[in-house]
Amino acid sequence: MLALLARFVVLGEPDDPDAITPLMDAAFRVMRPNPLDGLRPETRDWFELRDLRGSGLCWRVGDNGHLAVEQLDRDSAPRELYSLRTPDSEDFPFTAWAALLDRARRVLATATTDASLHDPAIRAALNRCTTGEGHTHLASLVEALRTADAAHPVLLRALAEPVSRAESCWAVEVLAGLPQGSLVKRWFGPSPLATARSWELRLTLATESRPADHDRILTSDVNDTLKQAGLGRAEIAGGMARQGADGSYVSVSTSVDVLIRDDLSHGLSLISQVLRRHNAADTAELHNASPPYDLIPIP
């Protein structure tokens, strides 16, 4: 469910990648299983799309009584807010969203106020599980909970048969009454997203007097080259055309959205190599995709 609901998330200043990343990795791993550990590509894609820290976000209660997000100065923000969850939105399911969260809070409140959770054996096991190596002590917690018949079945399953270590971490965090995300940070440590960097660029390709599929082939080559190096991706975003003397339209240029991750200079070097392979380096232009849209020299 987390992977499905994550499309409604907008990350602002208080949101901590250390607390978020392991849960999103686990959610996407359930949706698309593979044997690899570490940061999921889906998590990074999601994070880069939803991370609007430093973009002037403001959360407020709208006229409908529900919490919504808005951007105070969209024109000067480094990234623009795209969300249905704005105060004047008629499309976001505010009522259903609030009902879902309220039901989850009530279920967890009931599950964690059971008097049997005060059993000394359970408290001792929980204390061991809330350390940095707490995941190694889950078996004793499960045994104590089963002996006392104390845990909600969902929480017990998350501890005894978790789909991921992150799910067990969530269950321990809930039962121990810890602030959300605090144990995740303790169990998993710093997120690779905390220091990750990315650059959104716009590559303009001259297409006049070129074969019809020139831009598509070149963009595919840029995309494949960046992906193979683990440095990003590229895709066609649009184009410009002019009307010829006979009334037909002639393609003049194609715009390509380029994302470079972590190593800008290496990414630019790879783009330059692809452009030169296609004899397009002299006519192509590369700019930042956000204000002030600076021209970036192609190596």
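Reader: Is Ser255 buried or exposed?
Author: This is a predicted model, and in it Ser255 sits in strand E5. Its relative accessibility comes out at 15%. The cut-off for buried is under 20%. So Ser255 counts as buried.

Reader: Which residues is Ser255 in contact with, if we leave aside its neighbours within four places in sequence?
Author: Ser255 belongs to strand E5, and we're skipping anything within four places in sequence. What's left is Arg202, Leu203, Glu235, Ile236, Ala237, Gly238 and Gly239.

Reader: What do the buried residues of H3 pack against?
Author: Helix H3 covers residues 41–50, and seven of its 10 residues are buried. Those are Glu42, Thr43, Arg44, Trp46, Phe47, Glu48 and Arg50. They pack against helix H2 (17–31), strand E3 (198–206), strand E4 (232–243) and strand E5 (249–261).

Reader: How are H5 and H8 oriented to each other: roughly parallel, roughly perpendicular, roughly antiparallel or oblique?
Author: Helix H5 (residues 120–129) and helix H8 (residues 165–176) pack with their axes 10 Å apart, at an angle of about 130°. Roughly perpendicular runs from 65 to 115 degrees, and roughly antiparallel needs over 145. H5 and H8 are therefore oblique.

Reader: Is the crossing of H5 and H8 left-handed or right-handed?
Author: We're still on the pair packed at about 130°. The crossing of H5 and H8 is left-handed.

How values were computed:
Residues numbered from 1 in each chain as written. Predicted model: local features only at pLDDT ≥ 70, side-chain atom pairs only at ≥ 80, totals over all residues. Heavy atoms only, no water. Axes fitted to C-alpha atoms, helices over the stretch in contact; angles between N-to-C directions. Helix = DSSP H or I, 4+ residues; strand = E, 2+ residues; numbered from the N terminus. Parallel < 35°, antiparallel > 145°, perpendicular 65-115°, else oblique. Left-handed = near helix turned anticlockwise from the far one by under 90°. Buried < 20%, exposed > 50% of the residue type's maximum accessible area, 1.4 Å probe, protein only. Contact = heavy atoms within 4.5 Å.
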